[in-house]
Amino acid sequence: MPGYPKVNYIGNKEKLASWIIGEFPVKSGTVLDLFGGGCSVAYALKESGYSVVVNDILYADYVLGKALIENQDATLPEAVFSYRPDPARVKELTERFSFLSERLYYPEETEELARLAALADALPEGERYLFLALLRRAMIRKLPYSRMNVPWDQIRILRDEEYSYRKYGRRRAYHNQSFESHMRENLEAYNAAVFAGRPCRACRMDAFSMAEAAGPVDAVYLDPPYPSTMNQYDDFYGLFDEMFGLRRGHADFTKRETFLANLEELVRLLRQKAGYLVLSQNTRVKPGPDQIAAMLEAYGSVSIREKKHNYQVTGKENKNGSRELLFLVRFR
Ligand SMILES: C[S@@+](CC[C@H](N)C(=O)[O-])C[C@H]1O[C@@H](n2cnc3c(N)ncnc32)[C@H](O)[C@@H]1O
């Protein structure tokens, strides 16, 4: 099976997914992945034969969930790039996306984005989400550090290929390729990643609302933003949501002062829905693993698995070695 394509998602668990799934306390059934992000774990769960409900607050992630998890058979034809979008719609979107000009991209690139988004409008659902997933990845690939919160002054400098070559010995020409060329390069891999598994669903809700709304599942997987690490997902990807007028507020799991209380509130809701909880964390988080374990022990029996892992942050190997933790909770 060709597998999970290039998604470029900060903090994704692609390299840890098979270890996580190997440790899963249930070997079949339905898993709710509440903070699905780039869908690497959701994808591996689907590959392993689970039914997956993948949720994330961001539309940028929801399109991945729809394209790669919920989607069982739709693929995107290459001919899509020669379709002619409605000119009035392109004009409307060019105006709507103007806030991205000289914030993330050059004005002519924003116009290309509008043309592509107008193309997406006319596609049937399955194809549309694949198209948007490819567009999201193209947008990220064109940005230095693969995120949307780098100031324009820096983006301009870092996209200067001569400067990049002098300073870093690499031209990074991919920042200056068109969106369409990035999408074309990845089209085959995204199409090949689509496969029919057990029925799966993608949702876009705040974790608390999703925990309340969810039906019974066999296990819940939690990979919230780790407190005290690089965790500003709205800043990394939220401008994609803003392009479509779909940016949403949500409960904040990024602050060390409130993390534990929020997590406990979530655990209280989830124990009514599932037999097991699986929580990813690492040894550098604050509040620390002992505090997290102590809180979880009030709700069930807890065991902890550990694995060496270095997070890849924007291309550089993170030198502060940390160990990845998996808390397995069997609810009482
Ligand atoms: C560490 S990432 C998940 C990475 C994912 N496991 C993967 O492999 O790609 C955490 C995710 O939590 C999402 N998130 C943060 N707060 C949320 C909330 N209140 N409700 C739902 N999702 C939230 C972020 O948008 C982010 O995608």
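## Strand pairing

In strand 5, Tyr 221 has Val 278 as its bridge partner, and strand 5 (residues 274-282) pairs with strand 4 in the parallel sense over five bridges, where pairing requires that DSSP finds at least two bridges between two strands. Helices (H or I, at least four residues) and strands (E, at least two) are DSSP runs, numbered from the N terminus. Tyr 221 in strand 4 also stands opposite Asp 33, and three bridges join strand 1 (residues 30-33) to strand 4 in a parallel arrangement.

Strand 4 (residues 217-222) is mostly covered, with five of its six residues buried; a residue is buried if 20 or more other C-beta atoms lie within 10 Å of its own, exposed if 12 or fewer, and partly exposed in between, with C-beta atoms placed from the backbone.

## Basis of the model

This is a predicted model, in which local features need pLDDT of at least 70 and side-chain atom pairs count only at pLDDT 80 or more, whereas totals for chains, interfaces and linings use all residues. Residues are numbered from 1 along each chain as its sequence is written.

Leaving aside residues up to four places away in sequence, Leu 277 touches Val 220, Leu 222, Val 267, Leu 270, Val 329 and Phe 331, contact being defined by C-beta atoms, placed from the backbone, that lie within 7 Å.

Helix 11 (residues 233-243) is mostly covered, nine of its eleven residues being buried, and these buried residues pack against helix 3 (59-70) and helix 6 (125-141).

## Ligand surroundings

The ligand is surrounded by 24 residues, the closest being Asn 12, Phe 35, Gly 37, Gly 38 and Ala 207; a residue is near a molecule if its C-beta atom, placed from the backbone, lies within 6 Å of it.

## Backbone features

A cis peptide bond, with omega about 5 degrees, joins Lys 286 and Pro 287, and Pro 287 is placed in the loop between strand 5 and helix 13 (289-297). Glu 102, a residue other than glycine, has a positive phi near 55 degrees, and Glu 102 is partly exposed, with 14 other C-beta atoms within 10 Å.

Notes:
Two residues are in contact if their C-beta atoms, placed from the backbone, lie within 7 Å.
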